[in-house]
Amino acid sequence: MRDSKIFKSGRIAAGIMGLLLLITVLFSAFFIAAEADHDCRGDDCPVCACVRQCENTIHQIGSGTAASVSVILPIFFFLILSVRFTADFLRGTPVSRKIRMNN
């Protein structure tokens with residue numbers, strides 16, 4: 001009994017860590033995309049420093065390339081769009097509500 005509690009808490013912790021890792025990668029990619037064409041102020045540009053830090057984070061998490069981000073982002077947006085459009089299709093109709101329509 002005690003081992004199952006340890007195993008369950010380990011799975012929960014792993015799930016939370018995975019979710020945090022995914023959020024970190026996504027927000028880093030969003031920041032890089034948003035600030036790609038910023039007004040650079042030279043060598044001491046704080047935006048460039050943040051972009052470099054985000055790129056380093058993505059490189060350290062992944063295999064050294066940002067290819068995994070280019071795969072994750074379209075899937076993420078597709079899932080959001082599919083949830084949005086599925087909600088539209090699942091609305092109640094007069095037939096599903098069993099409303100009698102007399103002509």
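The protein has an average pLDDT of 76, and 79% of its residues score at least 70; pLDDT is the predictor's confidence in each residue, on a scale from 0 to 100. The model is predicted, with local features requiring a pLDDT of at least 70 and side-chain atom pairs counted only at pLDDT 80 or more, while totals for chains, interfaces and linings use all residues. Residues are numbered from 1 along each chain as its sequence is written, and side-chain values use heavy atoms, with hydrogens and water left out.

The protein contains 3 helices and 0 strands, where helices (H or I, at least four residues) and strands (E, at least two) are DSSP runs numbered from the N terminus. The order of the elements from the N terminus is α-α-α. Confidence is highest in helix 2 (residues 46-61), with a mean of 83, and lowest in helix 3 (residues 67-89), with a mean of 73.

Of the 103 residues, 11% count as buried; buried means under 20% relative accessible area, exposed over 50%, and partly exposed in between (1.4 Å probe, protein chains only). The accessible surface of the protein is about 8900 Å², and carbon and sulfur atoms make up 65% of this surface. Accessible areas come from the Shrake-Rupley method with a 1.4 Å probe, and for residues only the protein chains shown count as cover. Among contacts in the protein with a separation of 6 or more, 50% are between residues 24 or more positions apart, a contact being heavy atoms within 4.5 Å.

Helix 1 spans residues 2-34 and includes serine 28. Serine 28 counts as buried because its relative accessibility is 8%. Apart from neighbours within four places in sequence, serine 28 contacts Cys54, Thr57 and Ile58. Alanine 33 also lies in helix 1 but is exposed, with a relative accessible area of 59%. The C-alpha atom of alanine 33 is 9.3 Å from that of valine 51, a residue 18 positions away along the chain.

Isoleucine 12 is another residue of helix 1, and its relative accessibility of 51% is why it counts as exposed. Together with Ile16, Met17, Leu19, Leu20, Leu22, Ile23 and Phe27, Ile12 forms a nonpolar surface patch with about 790 Å² of accessible area. Patches consist of residues with over 30% relative accessible area and no salt bridge; like charges are joined within 9 Å and nonpolar side chains (Val, Leu, Ile, Met, Phe, Trp, Tyr) within 5 Å. A salt bridge is a side-chain nitrogen of Lys or Arg within 4 Å of a carboxyl oxygen of Asp or Glu.

A search of the whole structure gives 0 disulfides, a disulfide being a pair of cysteine sulfur atoms within 2.5 Å. Cysteine 40 is in no disulfide, and its nearest cysteine sulfur, that of cysteine 48, lies 3.4 Å away. With a relative accessibility of 42%, cysteine 40 counts as partly exposed. For cysteine 45, the closest cysteine sulfur is that of cysteine 48, which at 3.7 Å is too far for a bond. Cysteine 45 counts as buried, since its relative accessibility is 4%.
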